[in-house]
Amino acid sequence: LLNVSASEAAAAVNALARQATEEGAAASASRVQTTPIGSSNRLLVRARPEMMARVREIIAEFDAVGGTG
């Protein structure tokens, strides 16, 4: 992560995962676990393989705009 903190990225991913669940996505498909590592500004993510690519895209987009978009 270059432009946002790990905790900001974790919050964004968690919020989007909750939103997907609320919108009717299968709970198992949208379940994502994140752990921000502040000392190295990294984000550990645990998700089903079919969700991991989308999670990476979300994090990349969020980091690219510095968390403002």
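**Notes on the predicted model**

1. Let's start at a loop: asparagine 41 sits between β1 and β2 (42-47). Helices and strands here are DSSP runs numbered from the N terminus (H or I, at least four residues, for helices; E, at least two, for strands). Residues are numbered from 1 along each chain as its sequence is written, and side-chain values use heavy atoms, with hydrogens and water left out. Please keep in mind that this is a predicted model, where local features need pLDDT of at least 70 and side-chain atom pairs count only at pLDDT 80 or more, while totals for chains, interfaces and linings use all residues.

2. The backbone of asparagine 41 deserves a look: its phi is near 50°, a positive value in a residue other than glycine. Most residues other than glycine have a negative phi. With a relative accessible area of 22%, asparagine 41 is partly exposed (buried means under 20%, exposed over 50%, partly exposed in between; 1.4 Å probe, protein chains only).

3. Now for the overall layout. The protein has three helices and two strands, and from the N terminus on the order is α-α-β-β-α. Of its 69 residues, 25% count as buried. Among contacts (heavy atoms within 4.5 Å) with a separation of 6 or more, 45% come from residues 24 or more positions apart.

4. Threonine 34 is buried, at 16% relative accessible area. Its side chain makes a polar contact with the side chain of asparagine 14, at 3.0 Å (a pair of N or O atoms within 3.5 Å; within protein, one must be able to donate a hydrogen and the other to accept it, and residues adjacent in sequence count only if both atoms are side-chain atoms). Leaving aside neighbours within four places in sequence, threonine 34 touches Ala10, Val13, Asn14, Leu43, Leu44 and Val45.

5. Last, the helix pair. Helix α1 (residues 6-22) packs on helix α3 (residues 49-64) at an angle of about 130°, with axes 10 Å apart (axes are lines fitted to C-alpha atoms, for helices over the stretch in contact, and angles run from 0 to 180 degrees between N-to-C directions). The two are therefore oblique to each other (under 35 degrees is roughly parallel, over 145 roughly antiparallel, 65 to 115 roughly perpendicular, and the rest oblique).

6. Which residues in α1 meet α3? Glu8, Ala9, Ala12, Val13 and Leu16 in α1 meet Val55, Ile58, Ile59 and Phe62 in α3.
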